[in-house]
Amino acid sequence: MNPDALPPLREVLEAHGLWAKKAYGQHFLLDLNVTRKIARLAQVGVGDHVIEVGPGPGGLTRALLETGAHVTTIEKDERFRPILAEIGAVSSCISIIFEDALKADEAKIAAGHPAHIVSNLPYNVGTPLLIKWLTGPWTPASLTLMFQREVADRITEGPGEDAYGRLAVIVQATCKARRVMDVPARAFSPPPKVESAVVRLEPLATRPSPARLDALQKITAAAFGQRRKMLRSSLKLMGGEALVEVAGLDPQARAETIPVDGFLALADAWLAAR
Ligand code: SAM
């Protein structure tokens, strides 16, 4: 797509009388330098299919289309229909869907081919969407996602670090995860109250089976639900000391010190004992 084919985003928003709606977690990226950098971090180009959740006025969409990728957008807010149609009028590489991304059938959208997820996520639905993409029936080829900085840390940090918890274990059991870009609040319009960061996730070649993932969710919920307690106490209802020993771990250790492999061993021990 030729970037000069469309007027600047700020003008487009003004022309359509559109403003950011808090209820939809709307904070727009209007600076093409920032959106182009995110598109580069997504490592997509000609021949790739990108599913972008929450295009809003289409700043990131434009940068993604510039790479030559085909972009399918999923937006909940119908007010953006005319703006996105204007992009569709100058690019044949965009498919526009209006629906709640939590209900979207990505497997149907991807139609049997690999597809990459790229999104400046609505903060209120970011984590449930991530869990859906990592544990649901369809697996993306890669994910390049903007989160609140605090959520980005909860995704990427490891044992012993402050933000390491349930989310990090589930994400890192299914993906290689890195924080690849910090984005200051002033880059958004309107600026959010918190800083943001882009996280790049590459799904592992072999993902744990649905039963193992389900067990992992239950074990991490119990272990991090009482993160200051020793595992033998926090996991008491799931097998306690005996379970922790079968998994080859120290029953006196606390959840925050256990690596992802340790939690997978606990999930396996729990499944084997049932
Ligand atoms: N991509 C645009 C940008 O970077 O400027 C907008 C990002 S804004 C943080 C989040 C977008 O997600 C908004 O357009 C909002 O309407 C949309 N959104 C919120 N909840 C959604 C949902 N459940 N499904 C699809 N889109 C949603």
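**A first walk through the model**

Hi everyone, let's start with helix α8, residues 166-174, which is mostly covered: seven of its nine residues are buried. Buried here means under 20% relative accessible area, exposed means over 50%, and partly exposed is in between, with a 1.4 Å probe and protein chains only. Helices (H or I, at least four residues) and strands (E, at least two) are DSSP runs, numbered from the N terminus.

A word on what we are looking at. This is a predicted model, where local features need pLDDT of at least 70, side-chain atom pairs count only at pLDDT 80 or more, and totals for chains, interfaces and linings use all residues. Residues are numbered from 1 along each chain as its sequence is written, and side-chain values use heavy atoms, leaving out hydrogens and water.

Back to α8. Its buried residues are L167, A168, V169, I170, V171, A173 and T174. What covers them? The cover includes α6 (126-135), α7 (149-156), β7, β9 (196-203), α9 (210-225) and α12 (260-272). In α7, the buried residues are V151, A152, D153 and I155, and their cover includes α6, β6 (143-148), α8, β7 and β9.

Now let's step back. The protein has 12 helices and nine strands. Of its 274 residues, 50% count as buried.

On to the core. A nonpolar core is a set of buried Ala, Val, Leu, Ile, Met, Phe, Trp, Tyr and Cys residues joined through side-chain atoms within 4.5 Å. The largest one has 34 residues, and I38, L64 and V183 touch the most other members. Among the elements that each supply at least two residues of this core are α2 (32-41), α3 (59-66) and β7 (175-183). Leaving aside residues up to four places away in sequence, L64 touches A39, V44, V50, E52, A69, V71 and V118; contact means heavy atoms within 4.5 Å. In soluble globular proteins, nonpolar side chains tend to be buried together.

Finally, some backbone details. Most residues other than glycine have a negative phi, and most peptide bonds are trans. Q43 is not a glycine, yet has a positive phi of about 55 degrees. Q43 sits in the loop between α2 and β2 (49-53). Is Q43 buried or exposed? Q43 is exposed, with a relative accessible area of 51%. A111, also not a glycine, has a positive phi near 50 degrees, and lies in the loop between α5 (106-110) and β5 (116-120). Last, a cis peptide bond joins S189 and P190, with omega about -5 degrees; P190 is in the loop between β8 (188-189) and β9.
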